[in-house]
Amino acid sequence: MLLLALMLYSTLACPEGREVREPLRIALTPVFLDDRVDFLEHWRAYLEKHLRQPVRFIQRKTYREVTWLLLRNEVGAAWICGFPYVVNDKRLSLLAVPLYHGKPFYRSYLITARDNASVNSWRDLEGKVFAFSDPDSNSGYLYPVYHLRRLGLDPATLFRKSFFAWAHRNVVEAVAEGLADAGAVDGYVWESLRKQNPELTGRTRVVSRSPEFGFPPFVVRRNLPDQEIEHLRSALFSMQHDPVGRSLLDKLDLDGFTRGNDALYGGIRQMAEEVGSP
Amino acid sequence: MIRWWQDLSFRFKLPLILIGASLFMACTLSLVVARYTFTNVRHELARQGLELGTLMVPALAPAIKHDDVWLAYTLLHGDDENENSAEFVLLDKNGTVFASSQPREYPLALPLAATVRGDLPLPAPAKGRIDFSEPSPGRLLLQLAVATDQGNLGNLLIMYRKDLLWQRFWDSIHSGLPAVAMVLLVVSALGWLGGRLMIRPLLELNRTISQAMENPLEELSVATLPFDDEVGRLTRRFAELVERLKEKVRLERQMIVSDRLAAAGRVTAGVAHEINNPLGGMMVSLNTMKKLGTVDDDTRRTLDLLERGLRQIQETVSALLVEVKPDSHPLVKEDFEDIHRLVAGEARDAFVRIEWHNTVSGKLQLPSTLVRQVAMNLLLNAIHATPRGGRLIVHCHCEEGVLLLEVTNNGAPIPQHILEHLFEPYYFTHSEGTGLGLWISYQIVQQLDGTIEVSSDEGETRFVVTLPLEET
């Protein structure tokens, strides 16, 4: 409440008489726990205050739809997975990369139900039901497919059934409920969920952790004015130095943002080339 | 068991029968209502399931079409994990599980276990009455086709555990249970009270009969019921029976008294005769001896002594020998008036007032000497029995061919045990009597074919002499 009052106060304290600017549209994907409406509202208010510009968050069911919004100039920026970034890096540029445990990296987890003793490695997945998160997700699709092929297994025929749950959180739920025997999930999301909903993650267990990959980045379309890009970047960077921003980062389970560089996504790019882009 | 029931008092048996019948009725009704409710609950559940399924099918069709398991799962799973809700299983065209609300129970991409599936495919639900099929025990199943214009994509199975049916059934009836219990209680109470009420006259009758067995019949009083049902009639018939028994006992007792008196009469008459004959001889011999005068003075004194003794015997014997003497003149009113005059003095001395009612008229064909003797006896006895300042009522009158002589005094009652022997010789005496008065009176009345009755209670003692008048 105090936070809200503070923000309200700061909004009102802004210099008057300015023209009402076009809202900045930022698209979000389920690379983080994007289903917390209150949190999103606070974050939006924070960004509006720092950008002195209205901000609208746009959410879509699939990564693909968000990528399309970006490519068709319908949103200025987006928080997307490294996989669509490397596929579309000609038309997108990095805005900021979140710092997770102080580093711009995360892993993919292979999870199964806590009471499912039959899955203890990737090779145990034959004849099982498998949950991917999104066909454009690195941790939830690209890496598992790549890794299975490296193991000499064909993801197309290996499973009895596989399906997309369209969000990492849904993968955890599908595995916990027994809809899927195993699933590939963003390790960062699983760890965040463990703090927020330990009951749900408690019904799952991590079978295998992938090597580190570049954390899902904030990207902008290349044709966005540089001034706007810099504004947005500094707004994000300011969060780790601002009490309100700090508390928002805590809720995101992140330490802050870094500028990052394309080399972070070399691993994903290499896998994408091997597996073939969707 | 049966014997135990037969031995059980009607006091319990009848109420128990009524309660049993009431309970049976109530339970039967309850069962009918419960069965009806159960059927209703079942159809309601089926209707709800079908409604829900019909809503889901349009959303499930694209999920199958686009192979979107997660979409189908979220549709089927719902938000809350209510144990009471239905289980949904979506089958694809090949009959394998595409998605389900309980994925652990119905794993994806496997055919549905035959125990669950039963004899699929099921016919589409008929219009109107919707009902489940029960392909496997404990499961109620509805099936809906998931179809688009292009054809059938699969089937939606809606399953309920049968426990849920019982749960719903319990939910819908348990609120009515207190009312049913109350009705049972009231019905039982009414049955009990009604039974007690119906059985009460029989218990009363039973108690009276038991009393009759243990106590003298005279003290028994039977309460009758005015109703015309069997019990009411029974009480009245029983009262009649008791009255008849009382009459019989009374007659028997009278008969015993009469027999005893008759026997005593025969004995005394016989003895008197046997004494009278030699006595006559002795008296004649004695007279002859005295007339001849050949005896000295000592002998004469002895003879006188003998004569006086013999005369006393003669008097006593003749008192016992009651005989109708033909020389008696017919009885007239004046005979009773004479008696009145004769006892008037004695009554006055005893401070007893006599109420005299004499309505006899004409000459009655009865031996006046004997009747006067009876009347005299009764009156003198009565005066003696009446306390000072007491009252004596005498009625002499004729009616319906009999002469009635009633002597009533208000003296102390004569106890029952004395009444039974009152007319026996020497049994009941008072200071100035011989003890033979009533005996002689009884003998006289017997010889005249009449009756003499005595009744005595707190208020008065009454002697009634009835003498038949000869037809002239």
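Tutor: In this predicted model, helices are DSSP runs of at least four residues, numbered from the N terminus.

Student: Which residue follows H12(B) and has a positive phi?

Tutor: Helix H12 of chain B covers residues 437-447. The residue in question comes after the helix, and its phi is near 60°. That residue is B:Asp449.

Student: At what angle do H7 and H8 of chain B pack?

Tutor: H7(B) spans residues 230-292 and H8(B) spans residues 297-320. Their axes lie 9 Å apart. The angle between them is about 150°.

Student: Are H7(B) and H8(B) roughly parallel or roughly antiparallel to each other?

Tutor: The packing angle is about 150°. Angles over 145 degrees count as roughly antiparallel. H7(B) passes H8(B) in a left-handed crossing, and the two helices are therefore roughly antiparallel.

Student: How do the residues of the contact of H7(B) with H8(B) divide into nonpolar, polar and charged?

Tutor: H7(B) contributes residues including B:Ile275, B:Leu279, B:Met282 and B:Leu286. Among those from H8(B) are B:Leu303, B:Leu310, B:Arg311 and B:Val317. The division is 13 nonpolar, 4 polar and 5 charged.

Student: Is B:Thr268 buried or exposed?

Tutor: B:Thr268 lies in helix H7 of chain B and takes part in the contact with H8(B). Its relative accessible area is 18%, and the cut-off for burial is under 20%. B:Thr268 is therefore buried.

Student: How far apart in space are B:Arg35 and B:Phe169, C-alpha to C-alpha?

Tutor: B:Arg35 sits in helix H2 (residues 10-65) of chain B and counts as exposed at 61% relative accessibility. B:Phe169 is 134 residues away in sequence. In space, the C-alpha to C-alpha distance is 9.7 Å.

Student: What share of the 472 residues in chain B is buried?

Tutor: Chain B has 12 helices and 11 strands. Of its contacts between residues at least 6 apart in sequence, 63% join residues at least 24 apart. The buried share is 36%.

Student: Which element of chain B has the lowest mean pLDDT?

Tutor: Chain B averages a pLDDT of 83, and 92% of its residues score at least 70. Strand E2 (residues 97-100) has the highest mean among the elements, at 93. The lowest mean, 62, belongs to helix H4 (residues 114-117).

Student: Over which residues of chain A is the pLDDT below 50?

Tutor: Chain A averages a pLDDT of 91. The stretch in question has 1 contact beyond near neighbours in sequence. Where pLDDT is low, predicted coordinates should not be read in detail. In chain A, this stretch is residues 10-18.

How values were computed: Residues are numbered from 1 along each chain as its sequence is written. Chains are lettered from A and ligands numbered from 1 in the order in which they are written. This is a predicted model: local features need pLDDT of at least 70, side-chain atom pairs count only at pLDDT 80 or more; totals for chains, interfaces and linings use all residues. Side-chain values use heavy atoms; hydrogens and water are left out. Axes are lines fitted to C-alpha atoms, for helices over the stretch in contact, and angles run from 0 to 180 degrees between N-to-C directions. Angles under 35 degrees count as roughly parallel, over 145 as roughly antiparallel, 65 to 115 as roughly perpendicular and the rest as oblique. A crossing is left-handed if the near helix is turned anticlockwise from the far one by less than a right angle, and right-handed if clockwise. Contact means heavy atoms within 4.5 Å. Ala, Val, Leu, Ile, Met, Phe, Trp, Tyr, Cys and Pro count as nonpolar, Asp, Glu, Lys and Arg as charged, and the others, Gly among them, as polar. Buried means under 20% relative accessible area, exposed over 50%, partly exposed in between (1.4 Å probe, protein chains only). pLDDT is the predictor's confidence in each residue, from 0 to 100.
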